[in-house]
Amino acid sequence: WEWRQLQGDLESPQLLEVPALLNATPNPEFEHVVARLCNGLPGARALGLKRVQNAPLWRKYFLEQQEVTKKSGRSNERELWHSTGSTPAAVVCMSEHGFDPTYSIGTALRQATSRSGTDGAKYGIGVYFAEHALYSHVMRPTVAREGGYELILATVVLGDVSDFGPQLATDLLREPINQASGRSFDSWSGTENDLNDVSEIEAELQPHVPVASQMRARQLVAEGSKYGRQFIVCRYQKAYPTYIVRYEV
């Protein structure tokens, strides 16, 4: 999709509202993102969509994509979901470093100090992206200021992926080493299919929580092998926040 100049020049980070209709016909760009949302979060309904136009961040991502392709033979780009929790999605999307992994380091340190839960670090320190929006919504819902919820649909260059499957890898501090080549993988993944007793999900199963929210949490637990797939990177250049989608469910 082509970027548009709103105010100033294209160098200034900005959010562009993507309309549902173009000349009274469905907008393919809007339809594409909404289809991704609804396929991964049953029952969701889109309320709005904004395209992220952050040229400085995009250039860093583009250069990384080229380097990964040169190193691993392919970029292996994927569209994946990310929830920003209590931080508004726009703050991440308009920032210089986008998905800054230093926040993950800070979270891990606080958890270690307080001996609190480590449900957000099952595959070590890095920035986590979900294959399905259901996981992001249940585990870390972000309330949108305009109403409803919001998620970021990111474009992530995964390159050569180390897949841990159902096994956890909580001690990872950076990309694991590919024993066959002696070089590091570009990213890693895992399918967290045993989601029993996870604190974020347990919070959604409390009696005061709306029944619909409890049902989504139970669906995530029951179908963890489908909805629990995550991908992790530890370099902010490997992911670009393409869209902010606002929705209700």
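## Salt bridges

A salt bridge here means a side-chain nitrogen of Lys or Arg within 4 Å of a carboxyl oxygen of Asp or Glu. By that rule R45 forms one with E248, and their closest N and O atoms sit 2.7 Å apart. R45 lies in strand β4 (residues 45-53) and E248 in strand β11 (residues 239-248), so this pair ties together parts that are 203 residues apart in sequence. Helices (H or I, at least four residues) and strands (E, at least two) are DSSP runs, numbered from the N terminus. Both partners are partly exposed, R45 with a relative accessible area of 47% and E248 at 34%. For that label, buried is under 20% relative accessible area, exposed is over 50%, and partly exposed is in between (1.4 Å probe, protein chains only).

The structure is a predicted model, where local features need pLDDT of at least 70, side-chain atom pairs count only at pLDDT 80 or more, and totals for chains, interfaces and linings use all residues. Residues are numbered from 1 along each chain as its sequence is written, and side-chain values use heavy atoms, with hydrogens and water left out.

## Two further pairs

The structure holds 12 salt bridges in total. Among them is E79 with R36, at 3.0 Å between the closest N and O atoms. Here strand β5 (residues 77-82) supplies E79 and helix α1 (residues 28-40) supplies R36, so parts 43 residues apart in sequence get tied together. R36 is partly exposed, at 25% relative accessible area.

D163 and R229 also meet through their side chains, at 3.8 Å from N to O. D163 belongs to strand β8 (residues 161-163) and R229 to strand β10 (residues 229-233), so the pair links parts that are 66 residues apart in sequence. D163 is partly exposed, with 48% relative accessibility.

## Strand β6, covered on both sides

Strand β6 (residues 127-130) has cover on both faces: V127 and F129 are buried on one side, Y128 and A130 on the other. In a regular strand, side chains alternate between the two faces of the sheet.

β6 also pairs with β10 in the antiparallel sense, over four bridges; strands count as paired if DSSP finds at least two bridges between them. Within that pairing, F129 has F231 of β10 as its bridge partner.

## A nonpolar patch

W58, F62 and L63 make a nonpolar surface patch of about 300 Å². W58 lies in helix α2 (residues 55-72) and is partly exposed at 34% relative accessibility. Patches are made of residues with over 30% relative accessible area and no salt bridge; like charges are joined within 9 Å, and nonpolar side chains (Val, Leu, Ile, Met, Phe, Trp, Tyr) within 5 Å. The accessible areas come from the Shrake-Rupley method with a 1.4 Å probe, and for residues only the protein chains shown count as cover.
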